[in-house]
Amino acid sequence: MQAYTGFAQVYDLFMDNVPYEEWGVYLTGLLQEYGVTDGIVLDLGCGTGKITRLLKARGYDMIGVDSSGEMLGAAMEQETEGILYLCQDMRKFELYGTVAAVVSICDSINYILEEDELREVFALVNNYLDPGGMFVFDLNTRYKYETVLGDTVICENREEGSFIWENYYHETEQVNEYDLTFFVREEGELYRKYQETHYQRGYDLGDVKRLLQEAGLEFVAAYDAFTREAPRQDSQRIYIIAREFQKRGIKQA
């Protein structure tokens, strides 16, 4: 099933426990620390545009790219002045020029399941970065999939809707399968049922460094999420910072 179709209608509702403001402050701090204080920033896998709008409010010129038209539709129902939204697959996105930075937050990169495709995403990022431009992205770790999420069921019931989130971790492929069933209240006592299946892969940091290098990007740092500390064995989310180093000859739009 295609991900983020019906779920797009209630994504922000069920993600209201995510401290996006704090994430935005942390992300802005990283960008500024590595010299990106203004200019054009691409939010890759922008979803409903929460981070896109937060970065726009902090003075960046924003582009948001997502493959889900439904998620972008939700984003465009919010304040969009000065934000360009593009419905594109991150594995083959195209821009009209280069950008000062690319960010990809909320485990969007984990949706890339094959190393060859992840290398292609990195190569495209490298292609569209200004000389010395920065790439900041996060990843759910294998530890999180294996130990925290794997083979668990998460449920939530509200007046506006309910969901059942079933996880299955496939160890050989290092892939976590999310089976989502949710009920959205439409009118009166009527609820509409939606079902989606999502897949995310956990990557070892060493493999990510190798793929960045093969794509022409220079690895700069990795942090345990929302700190400046090195990732731990039990880190559930990490942030990775890379820099444009060498173009790989992908034709620009």
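Reader: Why is Arg228 called partly exposed?
Author: The model is predicted, and the value is computed from it. Arg228 has 41% relative accessibility. Buried means under 20%, exposed means over 50%, and partly exposed lies in between. So Arg228 counts as partly exposed.

Reader: Where does Arg228 lie, and what is it in contact with?
Author: Arg228 sits in the loop between strand 10 and strand 11. Neighbours within four places in sequence are left aside here. Arg228 is then in contact with Tyr26, Gly29, Leu30, Glu33 and Tyr223. Contact means heavy atoms within 4.5 Å.

Reader: What makes Asp151 count as buried or exposed?
Author: Asp151 has 58% relative accessibility. Exposed means over 50%. Therefore Asp151 counts as exposed. Asp151 is in the loop between helix 6 and strand 6.

Reader: And why is Gln174 called buried?
Author: Gln174 has 18% relative accessibility. The cut-off for buried is under 20%. So Gln174 counts as buried. Gln174 belongs to the loop between strand 7 and strand 8.

Reader: What is the phi of Asp151, and what is that of Gln174?
Author: Asp151 has a positive phi of about 55°, although it is not a glycine. Gln174 has a positive phi near 60°, and it too is a residue other than glycine. Most residues other than glycine have a negative phi.

Reader: Which glycines have a positive phi?
Author: Among them are Gly59 and Gly188. Gly59 follows helix 3, with a phi near 105°. Gly188 has a phi near 60°. Gly188 is in the hairpin of strand 8 and strand 9, which has 2 residues between the strands.

Reader: How do you know that strand 8 and strand 9 pair?
Author: Two strands pair if there are at least two bridges between them. Strand 8 (residues 175–187) and strand 9 are joined by 12 bridges. So they pair. They run antiparallel. Phe182 has Tyr194 of strand 9 as its bridge partner. Phe183 has Lys193.

Reader: What sheet do these strands belong to?
Author: An open sheet of 4 strands, in the order 6-7-8-9, with antiparallel pairing. Strand 6 (153–157) and strand 9 (190–201) are the edge strands, and each pairs on one side only. Neighbouring strands are turned by 10° against each other on average, direction ignored. Helix 6 (residues 142–149) packs on this sheet and touches strand 6, strand 7, strand 8 and strand 9. The direction of helix 6 makes about 115° with that of strand 7.

Reader: What is the order of the sheet of 7 strands?
Author: The order is 3-2-1-4-5-11-10, the sheet is open and the pairing is mixed.

Reader: What makes strand 3 and strand 10 stand at the edges?
Author: Strand 3 (83–87) and strand 10 (217–224) each have a single partner strand, so one side of each is left without a neighbour in the sheet.

Reader: How do you know that strand 5 and strand 11 pair?
Author: Pairing needs at least two bridges. Strand 5 (residues 129–140) and strand 11 (residues 237–244) have 7, and they run antiparallel. Val136 stands opposite Ile241 in strand 11. Helix 7 (residues 205–214) packs on the sheet, touching strand 5, strand 10 and strand 11.

Reader: Why is the crossover from strand 2 to strand 3 called right-handed?
Author: The label needs a clockwise path over the helix, with the strands pointing away from the viewer. Here the chain goes from strand 2 through helix 4 (residues 69–76) to strand 3, and this β-α-β crossover is right-handed. Strand 2 (residues 61–66) and strand 3 pair in the parallel sense over 5 bridges.

Reader: Which residues of helix 3 are buried?
Author: Ile51, Thr52, Arg53, Leu54 and Leu55 are buried in helix 3 (residues 50–57). Their cover includes helix 2, strand 1, strand 2, helix 4, strand 3 and strand 4.

Reader: How do you know that the radius of gyration agrees with a compact globule?
Author: With 253 residues, a compact globule would have a value near 18 Å. The chain has 18 Å, so the two agree.

Key. Residues are numbered from 1 along each chain as its sequence is written. This is a predicted model: local features need pLDDT of at least 70, side-chain atom pairs count only at pLDDT 80 or more; totals for chains, interfaces and linings use all residues. Side-chain values use heavy atoms; hydrogens and water are left out. Axes are lines fitted to C-alpha atoms, for helices over the stretch in contact, and angles run from 0 to 180 degrees between N-to-C directions. The radius of gyration is taken over C-alpha atoms; the globule rule is 2.2 Å times the number of residues to the power 0.38. Buried means under 20% relative accessible area, exposed over 50%, partly exposed in between (1.4 Å probe, protein chains only).
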